[in-house]
Amino acid sequence: MTNKLMISRRSLMLTSLVLGAVSVAPAVSAAEKLKVAGIHASPVENAWNSVIHKALMDAAADGTIEYVFSESVSGTDYPRAMREYAEQGADLIIGEAYAVESEAREVAADYPDTNFVLGSSGGPSGDNFGVFGTWNHDGAYLAGMLAGKMTKTNKVGSVGAMPIPEVNMLINAFAEGVKAVNPDAEHSVTFIGTFFDPPKAREAGLAQIDQGADILFGERIGTADAAKERGIKAVGSLIDYTPRYPETVFANALWGFRPILDAALADVEAGNPVGQDYTAFGMLKEGGSDISFVEGAAPAEAVEAMMAKRQEIIDGTFEVPRNMDEPK
């Protein structure tokens, strides 16, 4: 049975509704559906994109927005896709600027009446270019606490995309969680150089297992395949991988995009600037992320300590370190 410690605090304070008199666009009538375009650099089945895509699909299903999207958009085509959706009259464009930071801001500057909210390692630009981060590092730290008490070889590994700040922070948080309960444990990391290549992630995971790792943190999809193949345990990221790997994935560092989306939509509807950082809406303390774990997989005392730390994060008495340096 999976104990789902999912998001329990849904009543977010949309403080962005009262940001002052500056406005990037007229407020949208409540009778109108916002036109939202999603631009995905990877296929929508990729974990990160799937979380965003599901939130947008859910918003469309409940009548909040009209949603169109493109997937597997290359970096060279990304600015063009942004321009095309802006020309088509999208009220809000959701996407990712990680590979096109400067180009994405140039497009936003050319379309001041279009709202852009993109995943980014940088800050907002102007009134119409907002950003968000994938800060599920709280869940990664908590999962690391469980892994640190479960490892028998005292070796754990992480497979990540590439050493950008957010990926670094997530992997470092997992490693810090491990070290917090098991200072003698060793942590290794491999970057596969791309956001979506499950076979490559699997190969990286197998190499780490060959070096003695008996628990893998899968920042990238495909890592759990290696763990399953070799009969060891794994931690998932962003989505719940346990149903897909019931005997392998014992915990997941979950992330939810709907609170971020709702905050951005509220600003667009009110005519407020979206040129702000929406990251906080996706954090554990704000109800946007969490940990899920399989009951009985970790020792009871490890779960008890992890749950106590989780409550400290929610209460604001403990903050998971945000180390964005490349892990070694």
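Is L238 buried or exposed, and what is its relative accessible area?

Modeller: L238 is buried, with a relative accessible area of 6%; buried means under 20%, exposed over 50% and partly exposed in between, with a 1.4 Å probe and protein chains only. The model is predicted, so that local features need pLDDT of at least 70 and side-chain atom pairs pLDDT 80 or more, while totals for chains, interfaces and linings use all residues. Residues are numbered from 1 along each chain as its sequence is written, and side-chain values use heavy atoms, without hydrogens or water.

L238 belongs to strand 10, residues 233–238; strands (E, at least two residues) and helices (H or I, at least four) are DSSP runs, numbered from the N terminus. Although L238 is not a glycine, its phi is positive, at about 80°. S72, also a residue other than glycine, has a positive phi near 55°. S72 is found in the loop between strand 3 (65–70) and helix 2 (78–87), and its relative accessible area of 46% makes S72 partly exposed.

N252, in strand 11 (residues 249–255), is in contact with G236, I239, D240, Y241, T242, D290, I291 and S292, leaving aside residues up to four places away in sequence; contact means heavy atoms within 4.5 Å. N252 is buried, at 0% relative accessibility. V294, in strand 12 (residues 289–294), is likewise counted as buried, at 18%. The C-alpha atoms of V294 and P183 are 24 Å apart, and 111 residues separate the two along the chain.

The aromatic rings form a further part of the picture. There are 12 aromatic pairs in the structure, where rings of Phe, Tyr and Trp (its six-membered ring) pair if their centres lie within 6.5 Å, with planes under 30 degrees apart called stacked, over 60 edge-to-face and the rest tilted. F174 and F217 form a stacked pair, because their ring centres are 4.8 Å apart and their planes meet at 15°. This pair links distant parts of the chain, since F174 is in helix 5 (residues 165–181) and F217 is in strand 9 (residues 215–218), 43 residues apart. Both F174 and F217 are buried. Elsewhere, ring pairs join W48, Y98, F132, F195, W255 and F257 into a cluster.

K309 is placed over the face of F318, 4.3 Å from the ring centre; a charge sits over a ring if NZ of Lys or CZ of Arg is within 6 Å of the centre and within 35 degrees of the ring normal.

On the scale of the chain, domain 1 covers 34–132 + 257–285 and domain 2 covers 136–254 + 298–315, with bounds from an automatic or database domain assignment. Their C-alpha centres are 28 Å apart. In domain 1, 15 residues are in contact with 17 residues of domain 2. Between them the domains bury about 1300 Å², of which 68% is on carbon and sulfur atoms; buried area is the accessible area (1.4 Å probe) that two parts lose on being put together, summed over both.

An unreviewed UniProt entry places the feature "domain: ABC transporter substrate-binding protein PnrA-like" at residues 46–322; such positions follow the numbering used here, names are shortened, and annotations may be inferred rather than shown by experiment. Over residues 46–322 the chain is 42% helix and 20% strand, with end C-alpha atoms 24 Å apart.
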